[in-house]
Every structure is written in C-alpha cells, then in structure tokens.
Amino acid sequence: MIVALLNQKGGVGKTTLATHLAAELARPNYWVLLIDADPQGSALDWSVQRDREGLPRLFAMTGLARETLHREVPELARGYQHVVIDGPPRVTGLVRSALLAADLVLIPVQPSPYDAWAAAELLRLLDDARGWKPGLEARFVLNRCIARTLLLRDARRELAGTLPPALATTVGQRVVFARCARTGRLAAEEAPGSPAAREMAALAAEVLGTAR
C-alpha cells in the first residue's frame, strides 16, 4: 500500500501524521518506507534528530522531492509492505506526481472552514489523477482538533457529506506532538498510553481498513 499525505496548504500537520503513520504501520514487523517529498525536508530533519538521540530506526526513509516521484516509487517500494509519502505544500507538479504514485491519499485538514476551502485545488488535482488511476482512494483527516469545541463539531458536519469522505478517527492538538518534532520521538515513546498515542494507533488501523 502506498499512502500519500497531501494538502497544498501548509501547517496542517502532514509530517507529524506521516512519521507516526509509518511507525504504526511498521509495528507488526512490516517493512515500511517513508518518502519525504517536501522540499523543506521536515521528515528527514525529524529522522536526523532521532539518530542523534540514539533511537532505533523503525522504518526506512529517503528524500525524493522530484516531479518524477510516480515513476520512481514503484522501484523504491520493492521489498516494502507499505510506503508513506509526506507531500509538499503548494508545489503543484510534485503534488500531481505524488497523486499518481499513491493508492490512498490522506488530506489533513484542521477544523476550520479555511482549511476546507484551501483543499479545493487538491481535489481538482485528485479528479485529474483519477483519469489515469480510476481506483485512487482519498480521505480527509481532521487533525489538530480541540475536543468538544464548536469548530470541531462544525467541521465534522461540513465533511459529513463530502467526497472524498472523512476518516472517523480525529487527531487532537496536543503538546506531545510538538515535543516529538523536536526530539525525533513518537507519541507512543514520548507519552506511552496517552491520547495522542491512541489516536495515531487508531488512525493507522482505520487506514489499513480503508485500504482493504
């Protein structure tokens, strides 16, 4: 399975979701590859920090911020059960290439109408990609949510009838994720058993169910 996390709006938490999703997918002793396709290289920076901390590598990682991504991923994916692509903001050619490489596209959005509006361009690119890949699946992911707020309730309602649909799992706005970005750790390592760790495990389980 090749999963791409894409949204042309920056700051929606793609890298946090991508690193945690890759780690969760690797838990049953699967071989997982995380491709950092963002020219900013945030996922690669996280991996470097993890190495500095002496933490074990849970999955393989490479940087590939090129518009030939869709042609190179099949070769890179050999020997891996799952591939996760951390996509770029605003770089349309790269986004198109990531769409063509993926089996499933996750679109992280914050519970804000501005995020839903900003996803409109990506949805147009997704429709174009389906001309080449009719079976391409996509789901919204509500990220950086504050529980029991009007914004979250309204966002759920707004996404309830959308195409693509939203995943049932939501991920909260939690301090532990900011610490993970600095330390190269995961929520399950930084705060075992925490709501953040449980949310990421639930997200991975739902992604696997969607892919099946």
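1. A word on terms before the cavity: a cavity here is a set of grid points where a 1.4 Å probe fits but cannot get out, and its lining residues have an atom within 4 Å of a point. Please keep in mind that this is a predicted model.

2. With that in hand, the count is 1 cavity of 30 Å³ or more. The largest cavity has a volume of about 80 Å³. Its lining is made up of W46, S47, R50, D51, R57, L58, F59 and M61. Helix α2, residues 42-52, gives the most to this lining, with 4 residues.

3. Next, have a look at L21, which sits in helix α1 (residues 14-26). Is L21 buried or exposed? Its relative accessibility is 1%, so L21 counts as buried. Beyond its neighbours within four places in sequence, L21 is in contact with V3, L5, V84, L106, A204 and V207.

4. On to charges. Side chains of opposite charge can pair when their charged atoms come close. How many salt bridges does a search of the whole structure find? The search gives 10. One of them joins the side chains of R27 and E24, at 3.1 Å from N to O. E24 counts as buried because its relative accessibility is 15%, and the cut-off for buried is under 20%.

5. R124 and E121 form another salt bridge, with their closest N and O atoms 2.8 Å apart. Why are these two about one helical turn apart? Both belong to helix α6 (residues 120-130) and lie 3 residues apart, so about one helical turn separates them. R124 is partly exposed, with a relative accessible area of 49%. E121 is partly exposed too, at 29%.

6. Finally, E190 and R179 form a salt bridge in which the closest N and O atoms are 3.3 Å apart. This pair links distant parts of the chain, 11 residues apart: E190 is in helix α9 (residues 187-190) and R179 in helix α8 (residues 175-183). E190 counts as partly exposed at 25% relative accessibility, and R179 counts as partly exposed at 29%.

How values were computed. Residues are numbered from 1 along each chain as its sequence is written. This is a predicted model: local features need pLDDT of at least 70, side-chain atom pairs count only at pLDDT 80 or more; totals for chains, interfaces and linings use all residues. Side-chain values use heavy atoms; hydrogens and water are left out. Buried means under 20% relative accessible area, exposed over 50%, partly exposed in between (1.4 Å probe, protein chains only). Contact means heavy atoms within 4.5 Å. On a 1 Å grid over the protein atoms alone, a cavity is a set of points where a 1.4 Å probe fits but cannot get out, and a pocket is an open set with protein on both sides within 12 Å along at least five of seven lines; lining residues have an atom within 4 Å of a point. Grid points are joined across faces, edges and corners, and a volume is the space filled by probe spheres set on the points. A salt bridge is a side-chain nitrogen of Lys or Arg within 4 Å of a carboxyl oxygen of Asp or Glu.
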